[in-house]
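Here are my notes on this structure. Keep the model open beside you and check each point as you read.

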Amino acid sequence: MAQADHVPNGKRTLAVALACHNRRPLTLRCLQGLHAQAADFNLRIFLFDDGSSDGTGDAVRAAFPDVTIIEGDGHAFWGGGMYRAISAALDTDFNDLLWLNDDVALYPDALQRLIDAQAGADAQFGPGSSLIVGATREPGSDSISYAGFRRRSRLSPVWLQRVEPTPGALTPCDTMHGNVVLVPAAAARAIGPNDPKLIHELGDLDYGYRAGKAGYKILIAPQAVGECASNPRSRKSTPPGTLRQRWKQLNTPHGLPIGPWRHFMWRHGGMLGMAELGTIYFKRLTGW
């Protein structure tokens, strides 16, 4: 069994898991940001390349030969890609697992900010007790793009209030965006990888809920750790076309695919969650 106290050369070992698909400049920028901080850490980077056709894999091999690339066929999406990357990381020795989206531009001291936040959490709540979320800002702005969430109601797993970092303090939340998350080794092994049934979305929310149920705290680091542009969302609008066409559009990985959403809502909402999902689909399909 891999050990959580693996510190060769006196440096912490971070296993970094990320997935990519056809955005070579962003992926290379992200990896460059990681490697710029490598002098202070032992980095073991696991990149799942989901069938990129833009030369991402070859570019990464040329620029960063230390990165372990796992090849996909273009059908894994974010959830499947992160599952493969995290699963590979769990087979190695490390102190912490770092979730990282490849479109994050890390600040030069991002990793140290996360480690410092983790040290504060360990002092308050006990060693290895907490997942640390690194918030990101919109590029060129002070506005927070990704961070954490609190549930507005225990009856609904998707009625959420966004939580942003608090300067000088750790901020608790119920679940999180998965753009930048530091997970202690013991927690990473206890929780396991993200759920691959959640194809493209919901996997980070699900992981946060599972971590909380397993007794771990989720805390946002006091300072943002990088920049990441928000992805546009259009789930609240009703797709055009006939009812059948609307249903087909909803059931895509980037829409509201019934299988993953049913899985998530039942797991974290039970019968009330399923009723809420029915209401969501009814409104989206009918435009009410």
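1. Start with two helices. The crossing of H7 and H8 is right-handed. Bear in mind that this is a predicted model. H7 covers residues 243-250, and H8 covers residues 258-286. The two pack at an angle of about 145°. Their axes lie 11 Å apart.

2. Which residues make the contact? From H7 come Leu243, Arg246, Trp247 and Leu250. They meet Ile258, Tyr281, Arg284, Leu285 and Thr286 in H8. By class, the contact of H7 with H8 has 6 nonpolar residues, 1 polar and 2 charged.

3. Next, the sheet. It is open and has 4 strands, in the order S5-S15-S7-S8. The pairing is mixed. Strand S5 (105-106) and strand S8 (144-146) are the edge strands, so each pairs on one side only.

4. S5 pairs with strand S15, residues 226-227, in the antiparallel sense. The pair has 2 bridges. Find Ala105: opposite it stands Glu227 in S15.

5. Now the second largest pocket. Its volume is about 230 Å³. The lining has 15 residues. Nearest the pocket centre lie Cys173, Asp174, Gly212, Tyr216 and Ile218.

6. Which elements give two or more residues to this lining? They are strand S11 (171-173), helix H6 (203-213) and strand S14 (217-220). H6 gives the most, with 4 residues.

Note on methods
Residues are numbered from 1 along each chain as its sequence is written. This is a predicted model: local features need pLDDT of at least 70, side-chain atom pairs count only at pLDDT 80 or more; totals for chains, interfaces and linings use all residues. Side-chain values use heavy atoms; hydrogens and water are left out. On a 1 Å grid over the protein atoms alone, a cavity is a set of points where a 1.4 Å probe fits but cannot get out, and a pocket is an open set with protein on both sides within 12 Å along at least five of seven lines; lining residues have an atom within 4 Å of a point. Grid points are joined across faces, edges and corners, and a volume is the space filled by probe spheres set on the points. Axes are lines fitted to C-alpha atoms, for helices over the stretch in contact, and angles run from 0 to 180 degrees between N-to-C directions. A crossing is left-handed if the near helix is turned anticlockwise from the far one by less than a right angle, and right-handed if clockwise. Contact means heavy atoms within 4.5 Å. Ala, Val, Leu, Ile, Met, Phe, Trp, Tyr, Cys and Pro count as nonpolar, Asp, Glu, Lys and Arg as charged, and the others, Gly among them, as polar.
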